[in-house]
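Subject: The structure, and some notes on it

Hi,

Here is the structure I said I would pass along. Have a look at it first, and then read on for my notes.

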Amino acid sequence: MQFEQMTIAALAAYLDQNEQLGAVEEEMLLADRRRGVHLLLERYKKRKASLQKEHVRLQKMLSEESYFWKKGYEFVAGVDEAGRGPLAGPVAAAAVILQPGVLIIGLNDSKKLSAGQRDELFVQIKKSALGTGVGIATREEIDRMNIHAASMLAMNRALEQLTHLPEMVLVDGFPIRGCRIKQK
């Protein structure tokens, strides 16, 4: 690759498209006398370090799933609810079965994400997950049974929507009442 013959814009596009530069390529960019090239290389290295940090965070976040995948469980579902705090409105729950080894950059608790980030991640999750399900308990059900029981109902409904029957369910909080699948 002849980096010195490329424009700064072309180099920027090249670095944006390549996740991993070889040592020779990095040396060639360092040898380039243009300040813009050095700034691009620095930006590339920061992005690479940030991505590595994100991979470590995601691996840590998926440690429970990884444990069960290594034990031979193929379908491990994560389930959580949202909407338990508001005074009015339904409570919703989502269940997702991820494929082992798939990392979705930016995946996090929905409360820590912007609406735009949630929308982007929704698309990525739907595209790469083995199964997704959503369950809702209405305001009337909350009033009739209480918020905790309604949350359990929403989580059970989310699990019922999955295309694969999970062998293990990971729950952020209390075990799901009425769920016959192993839980942690």
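Let me start at helix 1, where the cover over the buried residues includes helix 2 and helix 3. Please keep in mind throughout that this is a predicted model.

Helix 1 spans residues 8-17, and its buried residues are Leu 11, Ala 12, Tyr 14 and Leu 15. Looking down the axis of helix 1, these buried residues fall within an arc of 165°, so they line one face of the helix. An α-helix has 3.6 residues a turn, so residues three or four places apart point the same way. On the face of helix 1 turned away from the buried side you will find the exposed residues Ala 9 and Gln 17.

Helix 2 (residues 23-31) and helix 3 (residues 35-61) also meet each other: their axes come within 8 Å and cross at roughly 145°. Helix 2 brings Glu 26, Leu 29 and Leu 30 to this contact, while helix 3 brings Val 37, His 38, Leu 41, Lys 45 and Lys 48. Sorted by class, the contact of helix 2 with helix 3 holds four nonpolar, one polar and three charged residues.

Four of them form an open sheet in the order 3-2-1-4, with mixed pairing. Strand 3 and strand 4 are the edge strands, each pairing on one side only. From one strand to the next, the twist averages 20°. Helix 4 (residues 63-70) packs on this sheet, where it touches strand 1 and strand 4, and its direction makes about 165° with that of strand 4. Helix 7 lies across strand 1, strand 2, strand 3 and strand 4, and runs at about 150° to strand 3.

To find your place, Glu 81 stands opposite Ala 93 in strand 2, and Ala 95 stands opposite Gly 133 in strand 3.

**The nonpolar cores**

Which residues have the most contacts inside the largest nonpolar core? They are Val 79, Met 155, Leu 159, Val 169 and Ile 176, in a core of 21 residues. Strand 1 (76-82), strand 2 (91-97), helix 7 (147-160) and strand 4 (168-171) are the elements that give two or more residues to this core. Helix 7 gives the most, with six residues.

Not counting residues up to four places away in sequence, Val 169 touches Ala 77, Val 79, Leu 159, Ile 176, Ile 181, Lys 182, Gln 183 and Lys 184. There is also a second, separate core of 15 residues, and its members include Leu 58, Ile 104, Leu 107 and Met 168.

Is Glu 81 buried or exposed? Glu 81 has a relative accessible area of 17%, so it counts as buried, the cut-off being under 20%. Glu 81 is found in strand 1. Leaving aside neighbours within four places in sequence, Glu 81 is in contact with Val 91, Ala 92, Ala 93, Lys 111 and Ser 151.

Leu 62 lies in the loop between helix 3 and helix 4, and at 6% relative accessibility Leu 62 counts as buried too. Its contacts, leaving aside neighbours within four places in sequence, are Leu 98, Val 102 and Leu 103. The C-alpha atoms of Leu 62 and Pro 100 are separated by 9.4 Å, although these residues are 38 residues apart along the chain.

Lastly, Ser 128 belongs to helix 5 (residues 115-128). Ser 128 is buried, with a relative accessible area of 17%. With neighbours within four places in sequence left aside, Ser 128 is in contact with Gln 99, Val 102 and Ile 104.

Happy to go through any of this with you.

Best wishes

Note on methods
Residues are numbered from 1 along each chain as its sequence is written. This is a predicted model: local features need pLDDT of at least 70, side-chain atom pairs count only at pLDDT 80 or more; totals for chains, interfaces and linings use all residues. Side-chain values use heavy atoms; hydrogens and water are left out. A nonpolar core is a set of buried Ala, Val, Leu, Ile, Met, Phe, Trp, Tyr and Cys residues joined through side-chain atoms within 4.5 Å. Buried means under 20% relative accessible area, exposed over 50%, partly exposed in between (1.4 Å probe, protein chains only). Helices (H or I, at least four residues) and strands (E, at least two) are DSSP runs, numbered from the N terminus. Contact means heavy atoms within 4.5 Å. Two strands pair if DSSP finds at least two bridges between them. Axes are lines fitted to C-alpha atoms, for helices over the stretch in contact, and angles run from 0 to 180 degrees between N-to-C directions. Ala, Val, Leu, Ile, Met, Phe, Trp, Tyr, Cys and Pro count as nonpolar, Asp, Glu, Lys and Arg as charged, and the others, Gly among them, as polar. The arc is that of the directions from the helix axis to the C-beta atoms.
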